[in-house]
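Please read the sequence alongside the coordinates shown here. The paragraphs after them go through the model one part at a time.

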Amino acid sequence: MSKGARWALLLIALSGPVVSSTFDAAPGAAQDRAAGEQAEAAYRLAVAHRRAGNWEEAAAAAEEAIRLRPTHAAAHFTLGAVRRQQNRLDDSLASFRRVVELEPNSQEAHAMMGAVLGRLNRCEEAVTSLRRAVEINGQDAASWGNLGACLRRLRRVDEAIHAYELALVQIPDEPDILNNYAVALRQAGRPEEAIAALEGAQARHPDSPDVHLNLAIAYRSIQRYPDAAREYEAWYRLVPAPSDPGPLFDLGFCYEQTNRREDAVRIYRIYRGLVRGRQADTDRVSERLQGLNAQ
């Protein structure tokens, strides 16, 4: 894999805080007060089940709270979070949308709406929600990250860069934002600026695999192969069992370009073992090994 964008586009999964709730019963209405108390008890049960990972029980309790009190924003939020966890994204979105109707200034609800819309690949709508989320709370790194990711999906890279720059004014040392900012710069054809940003991020976060990997990709894009090899090696030390071994192929290529034949053969063989059964990947590494006369 040599597409750096893949390393930073993955959208951030928000767990969402538990939203506080209030209940204003009609004065003197004992029946309404009783229903309100029952709704609050059901909501707290939903929260307990959610924390325990009992998703169906949590959903049932949240739905009961909403039945008893349809304007219970916290119960709608909890139901939305549970449905997102269950990958019932349309249902989750409906719940978060209802929270926004009830509490228009709920930063958490706007953030979660944006995250779910992003997962549904409805990025135009997600951008609107996420912009509102960071307007309310500029310290929300997850929403800034999701906003930048959606803008990049929409191929509005310059807007994504601007969003990351705004984020870095408020949270200047956030590693994910720094990393994604640099990736966006590289996508915009500004590799030297991307390298400068990544080098700065690496100085503050030397053990970040993503920073090392994206720096390697940026160096390779301008044919600085020794530097790229060094950063791929650092990434591999931090991720010795990668779920995607693609960068190892790129490391082998960098070794080839710097006349490190034995290292290239070694890393290509490791890569071949990791992609065994994937014919296209096996074929391409076998071709490289044949070129090195090292089957």
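N87 is found in the loop between α3 and α4, where helices (DSSP runs of H or I, at least four residues) and strands (DSSP runs of E, at least two) are numbered from the N terminus. Phi of N87 is near 65°, which is positive although the residue is not glycine. Most residues other than glycine have a negative phi. N259 is another residue other than glycine with a positive phi, near 60°, and its place is in the loop between α13 (246-257) and α14 (261-274). N259 counts as exposed because its relative accessibility is 71%; exposed means over 50% relative accessible area, buried under 20% and partly exposed in between, computed with a 1.4 Å probe on protein chains only.

The model is predicted: local features need pLDDT of at least 70 and side-chain atom pairs count only at pLDDT 80 or more, while totals for chains, interfaces and linings use all residues. Residues are numbered from 1 along each chain as its sequence is written, and side-chain values use heavy atoms, with hydrogens and water left out.

The protein chain has 15 helices and zero strands. Of its 295 residues, 51% are buried. Among contacts (heavy atoms within 4.5 Å) between residues at least 6 apart in sequence, 53% join residues at least 24 apart.

The axes of α1 (residues 30-52) and α3 (residues 73-85) come within 10 Å and cross at roughly 25°. Therefore α1 is roughly parallel to α3, a label for angles under 35 degrees, with over 145 called roughly antiparallel, 65 to 115 roughly perpendicular and the rest oblique. Axes here are lines fitted to C-alpha atoms, for helices over the stretch in contact, and angles run from 0 to 180 degrees between N-to-C directions. On the α1 side, Y43, A46, V47 and R50 meet A74, A75, T78, A81 and V82 of α3. The residues of this contact divide into seven nonpolar, one polar and one charged.

Helix α4 (residues 89-102) packs with helix α5 (residues 107-119) at about 155°, their axes 9 Å apart, so α4 is roughly antiparallel to α5. From α4 the contact takes L89, S92, L93, F96, R97, V99 and V100, and from α5 A109, H110, M112, M113, V116, L117 and R119. Ten of these residues are nonpolar, two polar and two charged.

How far apart in space are F96 and H110, C-alpha to C-alpha? The distance is 7.6 Å, for a separation of 14 residues in sequence. F96 is buried, with a relative accessible area of 0%. Not counting residues up to four places away in sequence, F96 touches F77, G80, A81, A109, M112, M113 and V116.

F96 also belongs to the largest nonpolar core, which has 67 residues; such a core is a set of buried Ala, Val, Leu, Ile, Met, Phe, Trp, Tyr and Cys residues joined through side-chain atoms within 4.5 Å. F96, W144, L147, I177, Y181, Y232 and Y268 touch the most other members. W144, leaving aside neighbours within four places in sequence, is in contact with V134, G138, A163, Y164, L166, A167, Q170, I171 and I177. Another core, of 14 residues, lies apart from the largest one and includes A46, A59, A62 and L79. In soluble globular proteins, nonpolar side chains tend to be buried together.

Notes. Nonpolar A, V, L, I, M, F, W, Y, C, P; charged D, E, K, R; others polar.
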